[in-house]
Amino acid sequence: TIRSHLIYMRLDRLLLLSGNDIPFPGAQLSIHHPTIQEIAWVGEENFFSGYQTLNISKNLLSEVDKVDLDKLTNFDILIAILGEHNAVMQKNRACVIMVLGLLFPQYQVSVTRDAIELQLENGDEVHRLTKDNFDEFQSIIRQLFSLEEADGIQQDFNPEGEMSRRIAEKLRQRHQKLAEMKQSDTDVIDVIGRYASILAVGSHLSLVDIFNYTLYQLLDQVKRLTLKTDYEIFIQAKMAGAKDLKDP
């Protein structure tokens, strides 16, 4: 049933907090849970761009725009966008491959007309992302990175194809509120680094240790630190005689 499928797609919080690799039954392999240090190797801008492209959804479109896309899956749209030949989309294609390299570090990544192939270097083992397992893959990475709660960055999608243009416009709208940190093209993207720095100061932890966290662990700890700080401020205000305070 649909309900049981949704339950199956929901990852256990303990598994996410543990930093362990995540089972991906649809492709018969596991997804590596990259650390902050590993994400830093590809760079934040490349990571955000690759993640947002992989997270593409035609549900972002209005009903009018969806008419021509009725028979297409999110994977079909992704493959179409990755096939664009303009410079911006070629850069996004490279970012997608970088992110997939983080998630499947033992495999070589290649894009074909109907699949994203993951092949071991010796060629003995090949797995594929296809329209049949892509929804499951998207569900996993959304939970893995939990970026809905983090400050984000608007990407410069500028595709030439009409279908790609529609999707790109919705992506821009969706991430507009998350783009406050980027006021100009010269601004440095510093989302994950800023969170790591906040946690290091607030929790008296070493940045070296924090860089071994996964993004899920980092965001969870920052959230907990914020709740703890709010509570301490609340207690101090009450002790100072403040009235009508809202419980944190």
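**View 1. Contacts of F145 in the predicted model.** Apart from residues within four places of F145 in sequence, the residues in contact with F145 are P34, F47, Y51, L103, L215 and L219. F145 itself belongs to helix α8. The relative accessible area of F145 is 1%. Buried means under 20%, so F145 counts as buried. Y216 is 71 residues away from F145 in sequence, yet the C-alpha atoms of F145 and Y216 are 5.5 Å apart in space.

**View 2. Packing of helix α4 with helix α8.** Two packed helices are described by the angle between their axes and the distance between the axes. Here α4 covers residues 44-54 and α8 covers residues 134-145. The angle between α4 and α8 is about 140°, and their axes are 10 Å apart. Angles over 145 degrees would count as roughly antiparallel; α4 and α8 are therefore oblique to each other. Their crossing is left-handed.

**View 3. Residues where α4 meets α8.** From α4 come F47, Y51 and L54. From α8 come F134, F137, Q138, I141, R142 and F145. Sorted by class, this contact has 7 nonpolar residues, 1 polar residue and 1 charged residue. Two of the α4 residues in this view, F47 and Y51, are also among the contacts of F145 in View 1.

**View 4. The hairpin of strands β3 and β4.** Strand β3 spans residues 107-111, and strand β4 spans residues 116-120. The two strands run antiparallel and are joined by 5 bridges. One of the bridge pairs is V111 with I116, the latter in β4. The hairpin leads from β3 to β4 through 4 residues.

Technical notes
Residues are numbered from 1 along each chain as its sequence is written. This is a predicted model: local features need pLDDT of at least 70, side-chain atom pairs count only at pLDDT 80 or more; totals for chains, interfaces and linings use all residues. Side-chain values use heavy atoms; hydrogens and water are left out. Two strands pair if DSSP finds at least two bridges between them. Axes are lines fitted to C-alpha atoms, for helices over the stretch in contact, and angles run from 0 to 180 degrees between N-to-C directions. Angles under 35 degrees count as roughly parallel, over 145 as roughly antiparallel, 65 to 115 as roughly perpendicular and the rest as oblique. A crossing is left-handed if the near helix is turned anticlockwise from the far one by less than a right angle, and right-handed if clockwise. Contact means heavy atoms within 4.5 Å. Ala, Val, Leu, Ile, Met, Phe, Trp, Tyr, Cys and Pro count as nonpolar, Asp, Glu, Lys and Arg as charged, and the others, Gly among them, as polar. Buried means under 20% relative accessible area, exposed over 50%, partly exposed in between (1.4 Å probe, protein chains only).
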